[in-house]
Amino acid sequence: MIRSCSDQTHHNTRPASDPIAIVRVRYARGEITREELHEMIAVLRSEPVTAVSVGERSDPVELIACWGGDGQLRYPGGVAIDPAGTVYVADSDNNRILSFTSDGAFIAASSGNGQCYGRFKYPGGVAVDGAGTVYVADSDNDRIQKFTAIGAPVATWGGNGEEHGQFRYPRGIAVDTGEKVYVADTENHRVQVFSSTGTFISAWGSRGSGDGQFKSPRSIAVDGAGAVYVADTSNFRVQMFTPTGAFEVAWGCRGSGVGQFYAPYGIAVGPDGMVYVADSGNDRVQAFTPDGMFVAAWGRFGSSEGEFSDPRGVAIDRAGQVYVVDTGNNRIQVFGPSHSTSIS
């Protein structure tokens, strides 16, 4: 089943001539300041994305907390929350994993840059199982690393390649209730599934835009029933699968309208089954029912509270609070409960 948009044309990436993409590349290279970045994009965007909502989620967005900033986080990617409420952030450009309390108090930092066991090279994704064990998509090292809750290395698997158990720039990672590990193997355009110790179980997907195919999937999430959701980034859509990889439903297409995406990077499922997507290129978060019906969206480009710059990660805690990695602003923003209530 596919939920259609008015424009079903798919593209690999933003076109090279896209002025917003060019401005963001200049910022990433250090050629312009963040203030200049914000000013340029504000001028380029004549119709910024604003908060909208439908259904039972008609209350305005409520910002609960905001932390991070320059000097603490540097282009962070994924985020995960353990059963006790500890928040883990993939601090990608600093080549480390940070942990915080739920209100943003710093707890600990992992080892830094390197290829040795326990070190990272641009970690993109992080996940936590029910026992508090931490799994990291060590993206530029083409591997998965597993740690105890206090950061002691337990296992690692992977390596560069296209065979089962190998990766090419894995970005997304999730763990189900049975401790199976799901990896968005980004540049192999597939999903791989492993045991908690790294034994290969299965894989699905190939490069393309058909049902069950992917173009650079960046994030993955699993709900309580085992359904698997993939942010199919360069196809500008979300796909849902059974636990064994059978295609169920897809929704989204390129655009800035309701239910459309512009490079969806992060995806998470709340305790009520709601699916949240970090719609990175549109600088917003969108929420959907499990089968892809639009519920709400909030955010616009900027650096004020409730605004985003290239958000790339999202996670939901047990209370339904939404943690968003505001990547371009080097911070975490937490929202709720108005976007965390269940829908009957």
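Predicted model: local features only at pLDDT ≥ 70, side-chain atom pairs only at ≥ 80, totals over all residues.

**Stop one: a hairpin.** Select residues 96–100, strand S6, and residues 106–109, strand S7; they run antiparallel and are joined by three bridges. Phenylalanine 100 stands opposite phenylalanine 106 of S7. Now pick the turn: five residues sit between the two strands, and glycine 104 there has a positive phi of about 95 degrees.

**Stop two: a sheet.** Next, bring up the open sheet of four strands, ordered S3-S26-S25-S24 with antiparallel pairing. S3 (63–68) and S24 (313–316) are at the edges with a single partner strand each, so one side of each has no neighbour in the sheet. On average, neighbouring strands here are turned by 15 degrees against each other, direction ignored. Zoom in on S24 and S25 (residues 322–326), which pair over four bridges, and find valine 314 opposite valine 324.

**Stop three: the rings.** How many aromatic pairs does a search of the whole structure find? It finds 17. Show tyrosine 229 and tryptophan 251: their ring centres are 6.4 Å apart and their planes at 65 degrees, so this pair is edge-to-face. Tyrosine 229 is in strand S17 and tryptophan 251 in strand S19, 22 residues apart.

**Last stop: a charge over a ring.** Select arginine 312 and tyrosine 265: the charged end of the arginine sits over the tyrosine ring, 4.0 Å from its centre.

Key. Residues numbered from 1 in each chain as written. Heavy atoms only, no water. Pairing = 2+ DSSP bridges. Axes fitted to C-alpha atoms, helices over the stretch in contact; angles between N-to-C directions. Phe/Tyr/Trp six-rings, centres within 6.5 Å; stacked < 30°, edge-to-face > 60°. Lys NZ or Arg CZ within 6 Å of the ring centre and 35° of its normal.
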